[in-house]
Structures are given as C-alpha cells and as structure tokens.
Amino acid sequence: MVYKDFQNLRLSALGMGTMRLPLIDGKDEQIDEAKTAEMVEYAMNHGINYFDTAWGYHGGNSELAMGKVLGRYSRESFYLATKFPGYDLANMSKVEEIFEKQLEKCQVEYFDFYLFHNVCEMNIDAYLDKQYKIDEYLTKQKENGRIRHLGFSAHGSYDVMKRFLEEYGDHMEFCQLQINYIDWDFQDAKSKMKLLKEYDIPVWVMEPLRGGKLSVLPEKEEKTLKTLRPEEGITAWAFRFLQTFPEIKMILSGMSDLKQLKENIAIFESEKPLNDDEMKALLELAGDMVNGVPCTACHYCTSHCPNGIDIPAMLKLYNEHIFTGGGFLAPMTIQAIPEENRPSACVSCRSCEAVCPQQIKISEVLADFVEKLK
Ligand code: SF4
Ligand code: SF4
C-alpha cells in the first residue's frame, strides 16, 4: 500500500468509501453487514486505514454499519471520516443534535476527519450564515478533541468554493473533491485544485472512477490506453492519473464487493504517475468521451436572453446530466437558481441562437433539459 503523510499521520493513499456497500436484495438501505465486515477485514489486512462514511449514505445506515464493523478493531487502528449533512437545508439548525447522534451511530468518541458535506450552490448561503453556528460548533468540537481534522467536500462551482474558502479557508485542513480525468476539464477540477493550492489545502478525491464509468471504456479508447501502457488495466489509468498530483493525499473509492477492493488494492501497491505524453493522451481521450452540446462558454448569447438565463452554465450542466445518465448534481444546482432564470423560463425566442457561433439550438436543448429533469 502506498501511504501519504498528512500532518503527523500516515494515511493509506486508497481509502474505503462506504456509499456503495454490498446490499441485501439490492435495496440501498439494507447493507449486507457480513460482506461489509469481510471487506473491511481485507482492507485493514492490506493496509487501508481510512474509512469514509456520511449521515445520508444508505439512508443513514452506512454510519451504523461502519460503527458495528469497525467496533471490532482498536480505535487507533483506523481513521474514520464522516460529514455534516448540509445538503439538506432542514439540517442546518441541528448541527449539535446530528453530531452527537453520529458519534453514537459510529460507536466512537471522536472522528478523525469531519467535513462540511457537499458545499454547493444550494447551501452556500446557509453554510456561511452565522445564525446556524455550524462552523462555530464544529470548531469547538475540534478544540475538545471530538474532531481531529476539519474539512469540507464540494460539488459546487469554483466561485462557490471560493466563497466558502474566503470565510473558512484559514482553518480548513483538507477538501474532498470530485476529480478524475473526465472532470479535470468537464467539471473544472483543474481550477478548483489550483484554488486549494493557493490556500495550501491538501486534496481528498471522491469519484475517482466516476461511479464505475472509468473502469470500462469504449473499445477505441481502451486500445489507445493499451498501446501506451500494455501492462496497465483500464481502471488503473484513473488511479495513475490521480497519483500524478502530489497535493492529492487521499483517494476514496466506493467499492461494492471484495473483487473491486482486491483490484484497487493491487493498483495501490505502487505509484506510477503519468508522464507528460500519457497525460496529454488521456485528457484528449477524456474530451472525446464527453459528447455533449459543443458550447465553448464564449458568453456571446447571455446578454440576448430576456430572462437572464445563464445559458453556458445551463448547457454545461446539461452535458453533465447527459454524461452521468441522470444524477443529483443538475437537479440540485437548478433548484438553487431563481425560478425566473431556470431552463424552464426559456420562451424559445431564439435571440441567443442568432448569435451563437457554434450554432447550438439552445431553445431545443433547454426544452430537452426541462423534460429530462422531470
Ligand atoms: S431562446 Fe430561451 S435561452 Fe435563448 S434567449 Fe430566448 S429565452 Fe433566452
Ligand atoms: S453563444 Fe453558443 S457557444 Fe457561446 S456561450 Fe452561448 S451557447 Fe455557448
């Protein structure tokens, strides 16, 4: 196992995410605890020492299951991370109640890592709102030893992250981001990582395989990668990409069975960062894989929209939604936008289309987006 130094700790470079644990009868809330215990035992025996759960995973049962399973090991033998569920605004005023419950569910006296969960467009105002005293409460828990390291995870845009960092960046110790070779450009992970560097905040990675999508590639892409590194499997490329960046200290993978776990651990027996040519080829291939609306974000169209729709932002989100095959990101982001500026506010006047150099049929795309979000 490759290890990374973080302050005075030695973290396994691969951490076990627990949002896709093995299930009974395919039901998300029914975790197969026997299989989970088997995976955790294998993980611990093969050097993984970091486990990442959250209030909402598996309908709240991930924390419970991990509490039970990890309870068999000495508290010093693993690092446990969980998060404050600010993805639901109804939780904002309940930080103390939720935190106490989380300790109980996880059967621990302290969390090694604790995160503001999912900082994004929808909740940034609330996270920054002092009336909820979230940061104040969590900082206090850190002072009294019940949180060892405080950080945040983010699915929001660069600007949202910037707002969060301007307020709390001086005491955030780590940030968990969705980074993989698709999202490097697609979700602007590159700029977000640069922003974190400015604050000297180390990076934790989530969705390194984009929900498993990067474990199986189309034939053409697979051939390209095989030519570059014949000995490397397709999944390994996603991890080798991340191993190229020294600021990444933790890569979390939500593994669902022992086979995946064994494969991933084998990859992390060594670090094999990409060279410049390999990186270039991989990012080119990633660009080809994202077949969406070819908006270049030139913004020529935006001043022409009578309803102030941020057209390039909506098209970017549309592409994300199509590529992911649905998912929570687009609905969540759109919910945070005033109704009069949402895709549904498009009146098909086509003023934007008249100036679009890419000749995108914007009104049709927005109408399709509205349909897909139903
Ligand atoms: S077609 Fe829709 S998006 Fe384009 S300018 Fe008109 S209202 Fe705005
Ligand atoms: S004019 Fe066309 S390419 Fe430019 S931002 Fe608008 S939709 Fe995108």
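This is a predicted model: local features need pLDDT of at least 70, side-chain atom pairs count only at pLDDT 80 or more; totals for chains, interfaces and linings use all residues.
Me: Why is Ser-153 called buried?

Reply: Buried means under 20% relative accessible area, exposed over 50%, and partly exposed in between (1.4 Å probe, protein chains only). Ser-153 has 1% relative accessibility and therefore counts as buried. This residue lies in strand β7.

Me: What is Ser-153 in contact with, leaving aside its neighbours within four places in sequence?

Reply: With contact taken as heavy atoms within 4.5 Å, its partners are Leu-115, Phe-116, His-117, Asn-118, Val-119, Gln-176 and Met-206. Asn-118 is 35 residues from Ser-153 in sequence, yet their C-alpha atoms are 5.0 Å apart.

Me: What makes β7 a partner of β6 and of β8?

Reply: Two strands pair if DSSP finds at least two bridges between them. Six bridges join β6 to β7, which run parallel, and Phe-111 stands opposite Ile-147 in β7. Four bridges link β7 with β8 (residues 174–178), again in the parallel sense; there, Phe-152 has Cys-175 of β8 as its bridge partner.

Me: Why is the unit of β7, α6 and β8 called right-handed?

Reply: A crossover has that name if, with the strands pointing away from the viewer, the path from the first strand over the helix to the second runs clockwise. β7, α6 and β8 make a β-α-β unit of this right-handed kind.

Me: How do you know that the buried residues of α5 lie on the same side of that helix?

Reply: In α5 (residues 134–143), the buried residues are Ile-134, Asp-135, Tyr-137, Leu-138 and Gln-141. They cover an arc of only 165° around the axis, which places them on the same side of α5; the arc is taken from the directions from the helix axis to the C-beta atoms. On the other side, Glu-136 and Glu-143 are exposed. The cover of the buried residues includes β5 (79–84), α3 (95–106) and β7 (147–154).

Me: What makes helix α2 mostly covered?

Reply: Seven of the 10 residues of α2 (residues 61–70) are buried, among them Ala-65, Met-66 and Leu-70. The buried residues pack against α1 (33–45), β4 (50–52), β5 and α3.

Me: How many residues of each class form the shell around ligand 2?

Reply: The shell has nine nonpolar, three polar and no charged residues. Ala, Val, Leu, Ile, Met, Phe, Trp, Tyr, Cys and Pro count as nonpolar, Asp, Glu, Lys and Arg as charged, and the others, Gly among them, as polar. The residues around ligand 2 include Cys-295, Cys-298, His-299 and Cys-356; a residue is near a molecule if one of its heavy atoms lies within 4 Å of it. The shell around ligand 1 divides into eight nonpolar, three polar and one charged, and Arg-350 is among its residues.

Terms used. Residues are numbered from 1 along each chain as its sequence is written. Chains are lettered from A and ligands numbered from 1 in the order in which they are written. Side-chain values use heavy atoms; hydrogens and water are left out. Helices (H or I, at least four residues) and strands (E, at least two) are DSSP runs, numbered from the N terminus.
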